[in-house]
Amino acid sequence: MATNTDQKTIRFKVKRQDAPQTAPYWQDFDVPHPPGANVISCLLHIAANPVTADGRTVAPVAWDCNCLEEVCGACTMVINGRVRQSCSALISELAEEAAAVTLEPMTKFPVVRDLMVDRSRMFKNLIDIKAWVPIDGTHALGPGPTESPANQDTRYALSRCMTCGCCLEACPQFLLDNHFIGAAAISQARYFNAHETGKTLQDDRLEALETPGGVSDCGNAQNCVQVCPKDIPLTESIAAIGRQTTVHAIKSFFSGK
Amino acid sequence: MADNQPRVIVVGGGLAGLAASVRIAEAGVPVDLFSMVPVKRSHSVCAQGGINACNEVARQQGYSEWLHMDETLYGGDFLNHQPPVYEMTHWAPKVIDLMDRMGVPFNRTSEGQRDLRLFGGSLFKRTHFAGATTGQQLLYALDEQTRRYEADGKVTKHEFWEFLWPVLDDSNGKKRCVGIVAQDMRSMQIRAFRADAVVMATGGCGMVFGKSTMSVICTGGAASRCYQAGAWLGNPEFIQVHPTAIPGEDKCRLMSESARGEGGRVWVPRKKNDDRPPNDIPTAERWYFLEEKYPKYGNLVPRDIATREIFFVCQQGHGIGGGRMVYLDVTHLPDATKHKLDGILEIYEKFTGDNPRNVPMKIFPAVHYSMGGLYTVYTAKEDSKGMVQGAPNNMMTNLEGLYAFGEVNYQYHGATRLGANALLNCIFDGLFCGLSVVNYVRDQKPGARAAELPAQPFNTVVQQEQAKMKRLLEADGQYNPYQIHAKLGDELTDSCTVIREENRMKRAYEALGELNAQYKNLGLSDAGMWTNQTLSFARALGDMLIYAEAILAGSIARKESRGSHYRPDYPERDDKKFHKTTVAKFDAVTGRATLEYEPVPTPLIAPRARTYGKVEAEADDNKKDKKEEAATS
Amino acid sequence: MTEHTPSTAASSGDPATSFLQQHHFLFRRLHSLSGILPVGVFVIMHLFTNFQMLGGDFQHEVDFIHSTPALLVVEITLWLSIAFHAGLGLVYTFSGRPNVRRYRYGGNWRYYLQRITGFIALGFIFVHVATLRWRWDLFGWFTPFYVRGFDGQPLAHATTAMALQHARWVVAIYLIGAMSVVYHWSNGLWTSAITWGVTISAPAQRRWGYVCAALGIALTVFSLGAVVGALKYHVTDEDRRSIRMTVDFYESGGTDADTKPRPHTATHGHE
Ligand SMILES: Cc1cc2nc3c(=O)[nH]c(=O)nc-3n(C[C@H](O)[C@H](O)[C@H](O)COP(=O)(O)OP(=O)(O)OC[C@H]3O[C@@H](n4cnc5c(N)ncnc54)[C@H](O)[C@@H]3O)c2cc1C
Ligand code: HEM
Ligand code: SF4
Ligand code: SF4
Ligand code: FES
């Protein structure tokens with residue numbers, strides 16, 4: 001391993017876990033970082049040279065990533081105590097915060113290995129709220145409904161959710177072992193309810209969100225909106241769904257089955 | 001379990017794979033969908049600029065599906081087959097309508113119609129978009145429809161499963177694909193899955209070049225495995241280098257063509273080594289070289305041309321500070337226009353720390369797209385105007401029952417892909433050729449279903465893959481796969497991207513031999529049997545080396561310049577010798593490609609010179625150099 | 001349309017929990033409502049009344065409250081609401097896990113404080129009512145409250161003052177308690193507008209936040225005023241004597257009914 005001596009190095013403290021049932025432990029790595037380096041490029045360096053700061057050769061750190069431009073959502077982890085994407089976490093900025101970079105897996109999802117977690121709960125939640133537009137099929141049936149630019153703007157902002165899980169990791173109400181559905185799925189329900197055809201499933205979505213773990217379990221801490229990397233107006237979505245469920249509940253009290 | 005229902009396997013959950021899954025499931029055929037990552041995180045999510053289709057506004061200015069086809073063929077330097085391009089461009093409006101119905105938040109005009117933007121290689125606004133993250137919105141829409149079928153039990157997702165090898169059966173005398181062998185990337189279990197047809201929709205191979213604008217799983221490994229199993233490659237040497245990307249440590253991040261489509265301008269300081277901050281350089285001292293050289297298309301010439309111009313400008317020492325960068329400038333655009341580009345401007349800001357709304361971006365070309373891929377066939381209509389809908393062989397590889405959709409399919413783009421045609425080709429493949437898959441599996445005779453075959457062909461492949469894994473895990477050589485990969489990337493990027501010099505390519509070819517030797521002497525730092533990512537990467541590296549050989553061999557053998565393939569020693573297009581598809585067949589004995597050439601029929605449009613109205617630049621250049629001397633003296 | 005069992009619906013065999021779960025949304029909304037309306041409105045009124053100790057006619061206000069018809073019904077409603085709100089509040093508090101150390105955002109602190117102040121409010125309200133209203137002697141902290149003496153003499157201000165002047169820590173408890181209740185209610189008013197979907201856009205939430213903050217500040221001023229008013233009151237020997245005798249009266253079996261306002265000249269004992 002030839003480490004360029006005149007390159008700056010930074011200490012990485014990585015919380016590791018070999019398998020879902022085994023106990024976590026910490027390991028330190030010293031990683032050289034050229035300007036422009038980010039956490040992923042450093043993890044790649046560790047993968048190529050898996051040697052700890054005290055000189056032991058260990059198994060490389062496992063982590064998730066794909067796009068490397070903060071759009072696929074795969075590489076989410078807890079960096080220096082805060083949840084974010086590792087691909088867009090620039091070392092130059094992290095170095096200003098602290099002397100070392102700590103990497104931990106997200107705490108609200110089961111760990112698969114090292115920094116990899118299992119976020120299938122998020123995808124399952126999307127099934128629960130029927131996060132789709134119920135089109136008639138793929139045959140050519142003309143264009144979709146027209147839409148005002150203002151509505152498009154609102155929906156576009158919501159459509160950028162990459163199911164990364166930051167909002168859930170930071171939420172005090174979303175826990176590894178409870179049923180809260182979390183801000184991302186609530187916001188997706190709003191997204192589909194705002195579409196002309198998507199609306200036809202609105203009642204089903206709201207009913208799902210009125211069950212335990214639904215929208216009313218939100219405690220309005222508003223951490224979600226602070227950590228969302230895509231600046232999705234999650235607290236507005238929560239309020240909007242709050243209104244929709246309120247109206248839906250009253251309506252179904254008086255005229256429901 | 002004798003099951004009379006045919007099943008289909010789709011490998012890949014990008015746009016192509018999801019569109020295929022939806023189309024096939026809709027027809028009532030159950031689908032097993034495989035992806036290395038949750039499908040919603042597939043590489044298609046990165047696509048930014050938009051998706052092309054003829055539309056009423058453009059039509060009333062003289063545009064048409066026919067012109068869209070013509071642009072695609074002209075852009076592709078006539079290496080593309082015409083009937084599939086005809087069909088795709090004529091289907092394009094339907095594709096947009098469908099995505100619109102699925103709820104894709106396309107940008108809107110004040111009246112609520114879909115907004116349009118200009119894109120490379122066209123003089124008409126025909127690109128539909130959702131901000132500057134169109135791929136994300138399109139992928140999500142298809143992901144949602146897939147989830148709907150998943151909830152109904154018609155699509156079974158196998159996420160974090162890696163395709164390892166196709167299973168071929170030749171009991172009927174003809175090789176037929178009857179399933180795949182795949183590995184669970186968490187438990188590392190390797191097993192076979194049966195299916196009456198397999199659709200490969202595994203995307204491009206940018207990782208062969210080390211750094212590219214593509215995602216990290218775009219290794220081309222899956223395509224390479226099919227190639228080694230007997231599928232052919234078409235035009236592997238055609239690799240697109242995108243003109244505008246941010247060079248990075250781990251990846252070159254794309255700054256989409258939409259920046260130029262919305263009015264962004266490419267320039268360099270007129271004076272060499274001008275080290276003033278860009279905003280201090282007055283307009284008169286900026287050289288908008290693309291606009292000057294191509295007055296008609298300006299900044300929106302096709303990518304290969306823009307890329308070469310940028311490359312040459314830098315080679316001549318005109319790059320920013322004399323280096324290898326030029327400015328991409330959107331600072332002059334109105335706020336509302338910048339808002340449409342937020343998706344990419346945020347990327348620039350996040351990764352460089354500069355706000356491109358106020359400061360011109362610094363960009364350089366980067367490997368972006370693979371025009372080549374698995375070789376496929378189709379059934380053309382009698383008049384060659386399109387393909388026969390539902391013909392079972394549409395986009396089938398030379399192996400029966402094995403299809404290739406999306407970027408991994410070599411069809412449609414010829415020698416260069418026009419911007420915003422890839423998303424179209426992915427969705428079109430899935431929808432149009434999905435029906436072909438359905439018809440193919442329904443035509444299978446009962447008794448010949450994959451589910452009814454003996455276990456032997458499946459077990460053979462499982463054993464082959466287990467042995468391969470064992471070999472890799474037990475390897476204790478001295479070479480690290482990540483380091484071999486870095487060298488492979490350097491060699492290919494240096495020799496086989498913008499400029500392809502024969503001697504440099506031959507050196508790279510030799511280096512490849514050395515890397516292959518090192519690969520045989522690999523040592524893995526992880527021998528575990530749980531979520532072993534190193535194993536997966538090391539295995540794909542072997543496949544990348546084989547794919548790289550085909551790219552290099554194809555590039556060396558093609559002694560002409562065409563589209564993205566530019567040879568300084570053969571700077572002209574040579575239709576007589578090379579208006580042909582390169583067909584690469586894997587020779588298992590030598591581990592190399594055997595190249596064959598297949599003529600490209602041109603039933604609809606005759607090839608013409610591809611100039612994009614370039615003004616003869618030389619006189620111009622001389623003038624400039626003189627001016628410069630005057631300025632410096 | 002296909003049916004999915006939402007993963008959010010935790011199935012439970014226990015009839016009590018499943019009743020709660022079946023009507024989960026309703027209970028959540030009732031919890032919110034019970035916080036704002038019965039409990040909240042009472043708290044506002046109560047604080048306003050107490051503020052009269054600072055210069056206003058406190059005695060008159062208290063008399064007015066105590067002359068409310070069906071006071072008992074109002075009181076029971078209040079108790080039930082508080083019990084309902086506090087009970088569910090406790091359950092909900094333990095359904096989350098605060099993380100202010102990691103995520104030091106204002107909103108997160110407010111979330112955390114909402115839960116802390118809920119606890120404090122619960123304890124404070126209990127102590128407050130137990131000592132003043134029920135006149136319990138809690139470990140020697142005996143600070144009973146009387147609207148009027150057994151002989152009809154106005155005692156509201158004097159007994160309140162006695163209670164607060166009992167010791168410095170009593171003042172501290174009252175300050176912390178009152179501020180907690182004020183914070184909890186005004187922040188609750190802010191969050192409830194999101195919960196019910198009254199304020200949707202971020203600017204609307206911010207604007208409503210200013211309104212709630214203003215309300216909170218006003219209520220804080222009221223409660224501070226009340227405390228100051230109670231502390232400033234000079235408890236005369238006369239007051240002490242009256243209170244002493246009133247206490248004796250009750251300890252020897254007198255009832256509330258006997259303390260209804262009567263002419264000041266009334267004689268000792270029953271007629
Ligand atoms: C940055 C960027 C911007 C772009 N912008 C545009 C644009 O604006 N307009 C346009 O038209 N085109 C654009 N393109 C091109 C376009 O995005 C791609 O060509 C297209 O998304 C490819 O889609 P796909 O479905 O073929 O494959 P991908 O989206 O790459 O998906 C491949 C799938 O295959 C799976 N897979 C791969 N290997 C295996 C394996 N071994 N086992 C199991 N699964 C496997 C992956 O998990 C993934 O699900 C852009 C490309 C890039 C890089
Ligand atoms: C003085 C009496 C109280 C008043 C006036 C009051 C008022 C309120 C109000 C208005 C809300 C906002 C509801 C919403 O966001 O929709 C609220 C929330 C809350 N209260 Fe109280 N409350 C009181 C006592 C308590 C007590 C004693 C507890 C329990 C310890 C408690 C625990 C909570 C909790 C946990 C919430 C948050 C609920 C949620 O956001 O889901 N409160 N309260
Ligand atoms: S507002 Fe707070 S409690 Fe609600 S979802 Fe967001 S972080 Fe969680
Ligand atoms: S809402 Fe934001 S933080 Fe939450 S999953 Fe989506 S993108 Fe991530
Ligand atoms: S790798 Fe896709 S978000 Fe970081």
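1. Ala, Val, Leu, Ile, Met, Phe, Trp, Tyr, Cys and Pro count as nonpolar, Asp, Glu, Lys and Arg as charged, and the others, Gly among them, as polar. On that basis, the shell around ligand 3 holds eight nonpolar residues, five polar and no charged. A residue belongs here if one of its heavy atoms lies within 4 Å of the ligand. Of the 13 residues, those that come nearest are A:Cys171, A:Cys218, A:Ala221, A:Gln222 and A:Cys224.

2. This is a predicted model: local features need pLDDT of at least 70, side-chain atom pairs count only at pLDDT 80 or more, and totals for chains, interfaces and linings use all residues. Residues are numbered from 1 along each chain, chains are lettered from A and ligands numbered from 1 as written, and side-chain values use heavy atoms, without hydrogens or water.

3. Now the iron atom of ligand 2. Its protein donors are C:His85 (NE2) and C:His184 (NE2), 1.9 Å from the iron atom. Donors are N, O and S atoms within 2.8 Å of the metal (3.2 Å for Na, K and Ca); water is not among the atoms, so sites may look incomplete. Six donor atoms subtend angles of 87 to 180 degrees, so the arrangement is octahedral. For six donors, that term needs opposite donors over 155 degrees apart and all others between 65 and 115.

4. The two histidines are 99 residues apart. C:His85 sits in helix H4 (residues 71-93) of chain C, and C:His184 in helix H7 (residues 168-195) of chain C. Helices are DSSP runs (H or I) of at least four residues, and strands (E) of at least two.

5. In chain B, four strands form an open antiparallel sheet, ordered E18-E11-E20-E21. Strands pair if DSSP finds at least two bridges between them.

Conventions
Tetrahedral: all angles 85-135°; square planar, octahedral: opposite > 155°, others 65-115°.
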